Amino acid sequence: MDKLFIKNAKVVLPDTVTDKVSVLVCDGKIKEINCKVCPESAEVLDADGGYLLAGFIDTHVHGGGGADFMEATVEAFHTVTETHLKHGTTMLAPTSMTATPEELQSFVKTYLEFLKTDRKGAKTLGLHLEGPYLSGAGGKSKGAQRGDLLRYPDMDEIKLLYELSEGHIIRWDTAPELPGAVEFAEYLSSKGVVCSMAHSAATTDQAETGINAGFSHVTHCYNAITTYHKDGQKVLDGVVEAAYLNDDVVIELICDGCHIPKGIVRLALKLKGAKKVCAITDAMRIAGTDMKKGYLGTPSCGSEVIVDDGVAKLPDLSSFAGSIATTDRCLRVLCRNYGINICDASKMLSLAPAKLHKIDKEYGSIEVGKVADLVIADCNYNIESVILDGIIKKF
Ligand SMILES: [Zn+2]
C-alpha cells in the first residue's frame with residue numbers, strides 16, 4: 001500500500017482551516033485528517049506550516065507553456081497540461097476557440113489521441129467548446145473570438161462533433177439569444193453536457209428562456225456578457241441578472257486580478273455563495289512563460305495578442321484577450337489582493353467546478369475518501385508542492 005504522510009499542514013477544509021496537523025494518504029485517497037501516528041512505511045512530506053488545499057480544477061483554459069489546445073497536436077495537449085500542473089491545477093478542461101468545423105473536429109480527435117498516451121500533466125475533465133455559436137452583436141460581445149467564424153447553432157455540426165468526441169465533450173458555450181440556441185441546450189443538456197451562456201448580448205428574459213432549455217452556467221461572467229446597460233434611451237438587463245435570479249445557475253469569474261475587480265467577486269460570492277462561483281484562468285498560451293506576445297488560439301483561428309499589465313490584450317488594446325494567469329495566481333489574487341477567505345477561494349478553485357461537473361464525490365475538497373489531488377501553498381500562497389493521486393510531483 002502506497003502511503004503519504006503530510007505533516008505540519010494547515011488543512012483548508014470546506015468551512016474551516018485546521019491548526020497544523022497531519023494528513024494520511026493511502027493508495028491515492030485521503031485516508032485520515034488530523035492523523036496522529038505516522039505509519040512506518042509512509043513517505044513523509046513536511047508542509048512546513050503551509051496550507052494544504054484540494055488541487056485546483058480549471059474548467060476554462062486554452063493554453064500555457066507556449067502551446068494552445070487549438071494547435072490540435074498531442075504535444076500541445078501535453079505541454080499545456082504539464083505547465084498548469086506545476087502551478088497547482090490538478091485537473092482542467094481543454095478549451096477550444098471559435099474555429100472552422102474542420103479545426104473543431106481535429107481539436108476533438110487530437111484529444112482522443114492524447115488520452116491514449118502516457119500523460120504526466122494535470123488530469124483532464126473532458127473537452128470544453130467555447131463557441132463557435134456566439135453573438136457578435138455590435139461587435140461588443142465577441143471579445144477576442146474571430147468574428148468571421150461566428151455562426152448560429154447548427155444541429156448537424158453539434159451532433160457530429162458530440163458523437164465524434166465519444167462523450168468527451170463536457171461543456172459547450174453558446175449565446176442563448178441566437179436562433180437555434182434552445183434546441184442546442186435541450187439536446188446537449190439531455191446528454192449531461194454543461195451548456196454555458198457565453199459571449200452574449202441577451203436580455204434577462206432571453207437568458208431565462210435559455211436557462212429553461214438547459215443552460216446552467218455563465219462563461220467568464222461580466223466579460224463579453226450583458227448586464228444593466230443603456231441602448232439610447234432604453235434601459236436593458238442582461239445575462240448577469242438572470243444568473244443571480246436563478247439559483248441553479250453557476251457562474252465563473254476570471255480571477256487573474258485584471259478581468260474582474262474585487263467588488264464584483266465579493267458581490268458574486270454574496271449572491272451565489274462560493275460553491276456556485278468557479279474561479280478560472282481562461283489562460284492562453286503565454287501563461288506560464290515569459291513571452292510578451294503570441295496568439296490566442298492559432299494563427300488561423302485565433303487573434304494576435306500582446307501582454308500589457310499582466311493580461312493578454314488585442315494589439316489595439318480594444319479588448320482583453322484571455323488571461324496569462326495560472327491558478328496559483330488566482331489564489332493569490334483572491335486571498336492576498338481581494339481579501340477573500342481561503343475556504344471560499346478554495347471552493348471557487350476546486351469544489352465549485354467539481355460540483356458543476358458532478359465529480360465532487362471524488363474531487364474538489366479535502367475529505368476522507370476523496371482522491372488525493374492536493375497542493376501545498378506557503379503563507380504567501382505560492383505553490384510549494386503538487387500531489388496527484390497521492391504522489392508528489394517533481395518538476
Ligand atoms: Zn476562453
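The protein chain splits into domain 1 (3-53 + 370-392) and domain 2 (56-356), with bounds that come from an automatic or database domain assignment. Between the centres of domain 1 and domain 2, taken over C-alpha atoms, there are 30 Å. The contact between them involves 15 residues from domain 1 and 17 residues from domain 2; two residues are in contact if their C-beta atoms, placed from the backbone, lie within 7 Å. Before going on, please keep in mind that this is a predicted model, in which local features need pLDDT of at least 70 and side-chain atom pairs count only at pLDDT 80 or more, while totals for chains, interfaces and linings use all residues. Residues are numbered from 1 along each chain as its sequence is written.

Which strands supply the side of domain 1 that touches domain 2? At least two residues each come from β5 (51-54), β22 (374-377) and β23 (383-388), and β23 gives the most, with three residues. Helices (H or I, at least four residues) and strands (E, at least two) are DSSP runs, numbered from the N terminus. On this side of domain 1, eleven residues are nonpolar, two are polar and two are charged. Here Ala, Val, Leu, Ile, Met, Phe, Trp, Tyr, Cys and Pro count as nonpolar, Asp, Glu, Lys and Arg as charged, and the others, Gly among them, as polar.

Let us turn to a sheet. Three strands form an open sheet in the order β6-β9-β10, with parallel pairing. Its edge strands, β6 (56-61) and β10 (123-124), each pair on one side only. Two strands pair if DSSP finds at least two bridges between them. Strand β9 (residues 89-94) and β10 run parallel and are joined by two bridges, and L92 stands opposite T124 in β10.

Helix α8 (residues 327-337) is mostly covered, as eight of its eleven residues are buried. A residue is buried if 20 or more other C-beta atoms lie within 10 Å of its own, exposed if 12 or fewer, and partly exposed in between, with C-beta atoms placed from the backbone. The buried residues of α8 are T327, D328, R329, C330, L331, R332, V333 and L334. They pack against β6, β9, β18 (277-280), α9 (342-356), β22 and β23. After α8 comes G339, whose phi is positive, near 70 degrees.

Which residues are buried in helix α4 (residues 181-190)? They are A181, F184, A185 and L188. These four sit on the same side of α4 because they cover an arc of only 90 degrees around the axis; the arc is that of the directions from the helix axis to the C-beta atoms. An α-helix has 3.6 residues a turn, so residues three or four places apart point the same way. The buried residues of α4 pack against α3 (155-164), β12 (169-174), β13 (194-197), α5 (204-213) and β14 (215-218). Just after α4, G192 has a positive phi of about 85 degrees.

## The nonpolar core

The largest nonpolar core has 128 residues, and L52 and L253 have the most contacts inside it. A nonpolar core is a set of buried Ala, Val, Leu, Ile, Met, Phe, Trp, Tyr and Cys residues joined through C-beta atoms within 7 Å. Helix α9 gives the most to this core, with seven residues. Domain 1 and domain 2 each provide at least three residues of the core. Leaving aside neighbours within four places in sequence, L52 is in contact with residues including I6, V11, V23, A47, I366 and L374.

## Some single residues to look up

D282 is in the loop between β18 and β19 (293-296). Its phi is near 50 degrees, a positive value in a residue other than glycine. D282 counts as buried because it has 31 C-beta neighbours inside 10 Å. Y381, in the loop between β22 and β23, is another residue other than glycine with a positive phi, near 70 degrees. Is Y381 buried or exposed? Y381 is buried, with 21 other C-beta atoms within 10 Å.

A cis peptide bond joins G131 and P132, with omega about 10 degrees, and P132 lies in the loop between β11 (127-130) and α3. Finally, L85 lies in helix α1 (residues 74-86) and counts as buried, with 27 C-beta neighbours inside 10 Å. Not counting residues up to four places away in sequence, L85 touches T90, G121, A122, V386 and K393.
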